[in-house]
Amino acid sequence: MVRVRLAPSPTGTLHIGTARTAVFNWLYARRHGGEFVLRIEDTDKERSKSEYTSNILDGLSWLGLDWDAEPVIQSERVEQHRQAIEQLLDAGLAYRCYASEDELNAMREAQIASKQAPRYDNRHRNLSPEQEAAYQAEGRQATVRFRIDDSRSIQWNDLVRGAMSWSGADLGGDMVIARRAPADQIGDPLYNLVVVVDDAAMAITHVIRGEDHIANTAKQLLLYEALGLPLPAFAHTPLILNQEGRKLSKRDGVTSVSDFRGMGYTASALANYMTLLGWSPPEGMGERFSLAEAAKVFDFQRVNKAGARFDWDKLNWLNGQVLHELGATELNRRLTPLWQEAGFETASRSQAWLEQLCELLGPSLTLLADGVEQARPFFETPSLKDDAHQQLQQPGAQEALKALLSALGDEPLQAEQAKALLGDACKAADVKKGVLMKSLRGALMGQLQGPDLMESWLLLNASGQDRGRISRALG
């Protein structure tokens, strides 16, 4: 059975790149009737925080990415990690390295000065017992390093990139698998070792992650072999790039899923867009689909090798499509909390009135948050902008508005009544209909741009706001 995992580090909020990796893992698991599980990699004790774990889990849930087992907490498995390191030490496949940080820095500086790629020179790979005892007598602590044969060729068939091959000489020398500690102890186990041990323990069959992990995969394959663990398949997905073609980072502004959510993007649009970041849907499917629909056809043959540039226009288009498809009741359910947060008085308005406002605004929304500013003139009297002032000074504008105001009754208007009143006012003031319509829009909305005038007027009339605004326009 296919079993895939997402293994986020709770050192920050859920990043769009991690979320895209989650989407691809989830889609692959659902396509093959497998399981999607989580592992919280919280071994960075200083930077890991519970609030980041909550943010990650909340973000995945919001996106609709359900998981199939309780998340594994990596820090609770340290003893299993140390046992694996003991196994490697006992087999002679790992050793203790007593080189100090100053010595390692001097080594790197000398390599750079001679225009060599910085790498560990394996200086403590074959220490004699007497040499080790001498270092220990000095009070030196030791890291644990895994032996890497420079002549070794590491090969695998990547589900995205095809045949891959790395030389052991390109992996930077013998790899540290445990941090510095007294020589009779094993320090904190490090990433490449613990990932291998945990993926094997969790029976992960496919490791799906970003291409920035390719070098780690080469190292980890050696560890799988040394520990006698079954190998998973690997798929390295393209990175998400900014408009300049560089890896998307915090410097590009919004990169957190919670930020996108706060800006008014919907979960379905964001999940839809992340699926398109590196994956091409089959012909005829189109670019607008749900996660469930994508899961029926997702495969790695359609995942691109090249980086995927983040396209705000595409995301905005998808989000607009989602909002335009929502019914008035659902849109009202989503917008009312935002209106209340903005200080708009919604309690005095009927559900029918609020839903009618949603029907009016819905077709013009790109982000859910757009519904706040677009709704503001229906809750708060807007100031008169220059174009409204100019319109209200046009010949016949004042006379037409006076005629309209005098004809308004106390009962809420119906559409046909409103049209009749406009016609009567135009005749009384001897102006063309366009003059009165523009002047009424300026009086009611404070400007000459906005949603459908008749629908807007009926809403403002129903809430008792039209008379006061027309009166204000008359001075």
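**Close-up views of a predicted model**

View 1. The backbone oxygen of Ala271 sits 2.8 Å from a polar atom of the Thr275 side chain. For a polar contact, take a pair of N or O atoms within 3.5 Å; within protein, one must be able to donate a hydrogen and the other to accept it, and residues adjacent in sequence count only if both atoms are side-chain atoms. This is a predicted model, where local features need pLDDT of at least 70, side-chain atom pairs count only at pLDDT 80 or more, and totals for chains, interfaces and linings use all residues. Numbering starts from 1 along each chain as its sequence is written, and side-chain values use heavy atoms, with hydrogens and water left out. Thr275 belongs to helix H9 (residues 267-276); helices (H or I, at least four residues) and strands (E, at least two) are DSSP runs, numbered from the N terminus. With a relative accessible area of 0%, Thr275 is buried (under 20% relative accessible area is buried, over 50% exposed, in between partly exposed; 1.4 Å probe, protein chains only). Leaving out residues up to four places away in sequence, Thr275 touches Val23, Phe24, Leu27, Phe289, Leu291 and Ala294, where contact means heavy atoms within 4.5 Å.

View 2. Strand E2 (residues 35-40) is mostly covered, with 5 of its 6 residues buried. Strand E1 (residues 3-6) runs parallel to E2, and 4 bridges join the two; strands pair if DSSP finds at least two bridges between them. Look for Leu6, whose bridge partner in E2 is Leu38. Strand E3 (residues 72-73) is also parallel to E2, joined to it by 2 bridges, and Ile40 has Ile73 as its bridge partner in E3. From E2 the chain crosses through helix H2 (residues 50-63) to E3, a right-handed β-α-β crossover. Right-handed here means that, with the strands pointing away from the viewer, the path from the first strand over the helix to the second runs clockwise. E1, helix H1 (residues 16-31) and E2 make a right-handed β-α-β unit too.

**View 3. The open sheet E4-E5-E8.** Here are 3 strands in the order E4-E5-E8, paired antiparallel in an open sheet. Strands E4 (94-97) and E8 (175-181) stand at the edges with a single partner strand each, so one side of each has no neighbour in the sheet. On average, neighbouring strands of this sheet are turned by 20 degrees against each other, direction ignored. Strand E5 (residues 142-146) and E8 run antiparallel and share 4 bridges, and Ala142 has Ala181 in E8 as its bridge partner.

View 4. Helix H18 (residues 433-445) packs on helix H20 (residues 466-473) at about 110 degrees, with axes 8 Å apart. Axes are lines fitted to C-alpha atoms, for helices over the stretch in contact, and angles run from 0 to 180 degrees between N-to-C directions. H18 and H20 are therefore roughly perpendicular (65 to 115 degrees; under 35 is roughly parallel, over 145 roughly antiparallel, the rest oblique). Leu440, Ala443 and Leu444 of H18 meet Asp466, Arg469, Ile470, Arg472 and Ala473 of H20. The axes of helix H16 (residues 397-407) and H18 come within 9 Å and cross at roughly 75 degrees, which makes H16 roughly perpendicular to H18.
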